[in-house]
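Before reading on, please take a moment with the sequence and the model displayed below. The report is meant to be read beside them.

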Amino acid sequence: MRVFCGRANPTTGSMEWLEEDEHYDYNQEIARSSYADMLHDKDRNIKYYQGIRAAVSRVKDRGQKALVLDIGTGTGLLSMMAVTAGADFCYAVEVFKPMADAAVKIVEKNGFSDKIKVINKHSTEVTVGPDGDMPCRANILITELFDTELIGEGALPSYEHAHSHLVQENCEAVPHRATVYAQLVESRRMWSWNKLFPIRVQTSHGEQVIIPPLELERCPGAPSVYDIQLNQVSPTDFTVLSDVLPMFSVDFSKQVSSSAACYSRQFEPLASGRAQVVLSWWDIEMDPEGKIKCTMAPFWAQSDPKELQWRDHWMQCVYFLPQEEPVIQGSTLCLVAHHDDYCVWYSLQRTSPEKNGSIHQGRPVCDCQAHLLWNRPRFGEINDQDRTDQYIQALRMVLKSDSVCLCVSDGSLLSMLAYHLGAEQVFTIESSAASHRLMKKIFKANHLEDKINIIEKRPELLTSADLEGKKVSLLLGEPFFTTSLLPWHNLFFWYVRTAVDQHLGPGAVVLPQAASLHAVVVEFRDLWRIRSPCGDCEGFDVHIMDDMIKRALDFKESKEAEPHPLWEYPCHSLSEPWQILTFDFRQPVPPQPVRAEGSIELRRPGRSHGVVLWMEYHLTQDSTVSTGILKPAENKEDCCWNPHCKQAVYFFSSTLDPRAPLGGSRTVSYAVEFHPHTGDITMDFTLSDALDDGH
């Protein structure tokens with residue numbers, strides 16, 4: 001059966017109705033899941049197995065049958081561990097039907113169907129009793145309901161319900177306990193992901209400073225956590241202001257509450273500075289004694305960093321304080337962790353909340369629009385003065401005293417740069433109400449509300465009256481659009497340029513004048529694991545899961561490249577970077593496809609995990625802004641990527657097996673085509689000439 005799915009095309013800006021398989025959403029979910037990453041997490045698997053064995057032994061030592069409830073069973077791995085450890089029976093609950101169906105097959109293939117019952121329900125819908133899903137309550141509770149924030153996948157409500165309805169009082173639980181840790185730091189880099197900094201513009205009349213509105217300054221920011229690979233943030237990028245503080249613990253063997261709560265920890269700052277950011281992570285202890293521990297701590301907080309386990313399904317958390325606060329070394333402060341049933345946030349207080357009566361503080365919500373329009377990397381991009389200076393230099397080359405400028409990027413400050421650098425008149429199109437309101441506030445704070453005209457409409461609806469009857473002599477774009485996920489989605493700028501073509505005057509300049517698509521073949525240090533088949537996991541055959549992911553990846557969108565912020569995922573290049581396609585913004589979008597094909601020779605030995613693709617924008621003939629590699633990678637050095645952008649990764653399935661030999665293919669052949677009608681870029685990269693070079 002086929003179904004029609006509506007979606008907004010991020011490149012053309014149009015609404016499309018596509019015919020998809022009825023299981024399209026399921027396959028997208030499976031293809032983009034972290035199941036493979038979890039199964040490759042050796043540390044997680046071993047610790048869970050040890051904890052399960054210990055829990056089953058404790059129940060057996062009391063002369064009881066070991067009855068297990070496994071909530072969020074996934075592949076059924078933990079249930080199979082429990083039965084292997086001696087459990088008498090296991091009820092494995094999985095709400096996602098394709099996953100539950102796979103679990104049934106995996107359990108059967110491994111010979112555990114008589115001891116494991118897979119229940120395709122949400123755990124809150126599971127019934128207990130003679131006619132229920134479970135005849136009686138379980139005495140061992142096994143779960144893997146955690147995300148990077150610990151509670152973001154609804155762990156607390158699920159545990160609360162399970163203790164009330166599904167498990168015995170004081171049951172054994174694996175994991176037994178979780179503890180959330182926090183560390184207060186000052187970090188200009190991380191703070192630049194949350195606040196708008198003053199931006200300096202050197203003009204012929206001296207320096208102009210673009211300042212943020214007071215409303216942005218006072219805004220507590222976005223309420224959501226920023227989860228990143230904190231191990232890839234250099235220690236030189238932050239100053240530690242506190243020790244690592246244990247903020248709160250949850251004992252999963254007892255009744256759990258999902259009610260809002262807060263926990264304060266008194267501390268003395270290790271240094272004077274500005275408290276801005278809270279770094280956070282958690283440990284889980286698999287046993288009551290705390291001898292079997294799995295930690296998410298970054299390398300500087302680990303006793304043995306050499307044993308650091310790479311994982312992508314659990315990372316570390318960055319939280320932003322509502323406002324930066326000055327702290328003085330040695331003066332006592334309180335860091336407060338707040339949580340509701342799904343989210344955690346932090347505040348800094350001068351006295352204990354218990355003393356000042358401020359027991360609960362509401363979850364912070366953005367009221368300035370900026371955090372709704374700009375994500376964290378976009379804040380960092382706007383705050384990058386070096387990047388701004390590149391645009392200033394390019395604008396100086398093309399601006400004239402009589403320039404009529406039209407800016408067509410979402411929430412961009414380019415219009416302000418153009419005005420300060422001497423444009424006669426500046427218009428900016430803000431197609432969303434949110435970006436319109438935000439830019440209006442920024443213009444007003446900088447006394448430019450009467451200098452720059454905001455047009456709130458879609459570009460194709462632009463009229464001559466909107467431009468006061470004038471022709472545009474300079475069309476500007478970064479380009480940046482909030483709907484873009486893959487690097488080439490910002491080619492929407494080209495479609496906008498085409499839509500407003502009638503409003504461009506003779507000899508009008510377009511900045512950037514062109515863009516190009518670039519690629520490089522890489523070997524990842526760790527990211528390959530998210531697409532690597534598992535085969536055998538701790539002695540259990542999970543090939544069925546591998547096959548399921550492979551089938552899901554055969555669907556259209558999943559076969560394409562996927563976005564990743566590669567500054568978080570080290571890799572080194574096996575080929576020289578090369579240019580694949582070019583797009584000339586000085587001309588409208590052509591009617592015919594743009595295609596390139598050829599081959600690239602691999603210069604260095606290694607496992608060819610995939611091809612990384614990015615865009616470069618040629619502002620002028622002499623100025624280029626790259627969204628990918630910032631400097632050439634030499635030998636085995638890691639590539640240096642633009643930290644504000646996501647690059648696209650096209651994985652080679654043939655080298656994602658960890659047992660694949662090093663060396664291998666010497667060339668990569670490619671065929672890449674841009675389809676103007678749909679805005680899609682289709683691609684095929686193929687490894688060839690496989691040779692074992694002995695490396």
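Predicted model: local features only at pLDDT ≥ 70, side-chain atom pairs only at ≥ 80, totals over all residues.

Residues are numbered from 1 along each chain as its sequence is written, and side-chain values use heavy atoms, with hydrogens and water left out.

**The parallel sheet**

Helices (H or I, at least four residues) and strands (E, at least two) are taken from DSSP runs and numbered from the N terminus, and two strands pair if DSSP finds at least two bridges between them. In general, strands of a sheet pair through backbone hydrogen bonds, either parallel or antiparallel. Here, 5 strands form an open sheet with parallel pairing, in the order β22-β21-β20-β23-β24. Strands β22 (452-455) and β24 (504-511) are at the edges with a single partner strand each, so one side of each has no neighbour in the sheet. On average, neighbouring strands of this sheet are turned by 25° against each other, direction ignored; axes are lines fitted to C-alpha atoms, for helices over the stretch in contact, and angles run from 0 to 180 degrees between N-to-C directions.

Within this sheet, strand β20 (residues 404-407) is joined to strand β21 (residues 425-429) by 4 bridges, and cysteine 405 has valine 426 as its bridge partner in β21. Helix α12 (residues 385-398) packs on the sheet, where it touches β23 (472-476) and β24, and its direction makes about 160° with that of β24; contact here means heavy atoms within 4.5 Å. Helix α14 (residues 433-445) lies across β21 and β22 and runs at about 170° to β22.

Strand β20 also pairs with β23, in the parallel sense over 3 bridges, and there cysteine 405 stands opposite leucine 474. Strand β23 is mostly covered, with 4 of its 5 residues buried, where buried means under 20% relative accessible area, exposed over 50%, and partly exposed in between (1.4 Å probe, protein chains only). Strands β23 and β24 pair in the parallel sense over 4 bridges, and leucine 476 has leucine 511 as its bridge partner in β24. From β23 the chain crosses through helix α15 (residues 492-499) to β24, and this β-α-β crossover is right-handed, a term for a path that, with the strands pointing away from the viewer, runs clockwise from the first strand over the helix to the second.

**Other strand pairings**

Strands β6 (residues 138-143) and β7 (residues 167-174) run parallel and are joined by 4 bridges, with leucine 141 opposite alanine 173 in β7. The chain passes from β6 through helix α6 (residues 155-165) to β7 in a right-handed β-α-β crossover.

An open sheet of 3 strands, with antiparallel pairing, has the order β14-β18-β19. Its edge strands, β14 (261-267) and β19 (344-349), each pair on one side only, and neighbouring strands of this sheet are turned by 20° against each other on average, direction ignored. Strand β18 (residues 333-339) pairs with β19 over 6 bridges, and histidine 338 has tryptophan 345 as its bridge partner in β19.

**A buried leucine**

Leucine 613 lies in strand β32 (residues 610-620) and is buried, with a relative accessible area of 0%. Leaving aside neighbours within four places in sequence, leucine 613 is in contact with residues including Pro487, Trp488, Ala561, Tyr650 and Phe685. Its C-alpha atom is separated by 9.5 Å from that of proline 563, which is 50 residues apart along the chain.

**Cysteines**

A search of the whole structure finds 0 disulfides, a disulfide being a pair of cysteine sulfur atoms within 2.5 Å. Two cysteines are set out here.

**Helix α5**

The 13 residues of helix α5 (residues 97-109) should span 18 Å at 1.5 Å a residue, and the end C-alpha atoms are 18 Å apart, which agrees; the expected span is 1.5 Å times one less than the number of residues. Among the buried residues of α5 are Pro98, Met99, Ile106 and Val107. Just after α5, glycine 111 takes a positive phi of about 80°.
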